[in-house]
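Here's a quick briefing to read alongside the model. Have the sequence and the 3D view open as you go.

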Amino acid sequence: EGPAPKDHVMDGDLNNDDEINVLDVVILVQFVLHQQFPEDDQFYNCDLNSDDQLNVLDVVQLINQILSP
């Protein structure tokens, strides 16, 4: 199928580097703790369980995604 279009970002890839790793976890934790605030596209990209909230459940799901790709 070829690479994904550049306007499509992987769920959980919060820094848009085409990888899901600890850097994305750090960004998500900052959003959850309200130390930074996501843009709309970042919010939907890191609301991994689609409950319209950013919380520890999304962090756990992102970590699980990293540990078992």
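This is a predicted model: local features need pLDDT of at least 70, side-chain atom pairs count only at pLDDT 80 or more; totals for chains, interfaces and linings use all residues.

Residues are numbered from 1 along each chain as its sequence is written, and side-chain values use heavy atoms, with hydrogens and water left out.

**Overall fold**
- The protein chain has 3 helices and 0 strands (DSSP runs: H or I of at least four residues for helices, E of at least two for strands, numbered from the N terminus).
- Of its 69 residues, 28% count as buried (under 20% relative accessible area; exposed is over 50%, partly exposed in between, with a 1.4 Å probe and protein chains only).

**Helix α3**
- Helix α3 runs over residues 56-67, and its buried residues are Asp58, Val59 and Leu62.
- Seen down the axis, those buried residues fall within an arc of 100°, so they line one face of α3 (the arc is that of the directions from the helix axis to the C-beta atoms).
- Val56, Leu57 and Leu67 are exposed on the other side of α3.
- The cover over the buried residues of α3 includes α1 and α2 (40-46).

**Around Val22**
- Val22 sits in helix α1 (residues 22-32).
- Val22 counts as exposed because its relative accessibility is 55%.

Methods. The expected span of a helix is 1.5 Å times one less than its number of residues. Contact means heavy atoms within 4.5 Å.
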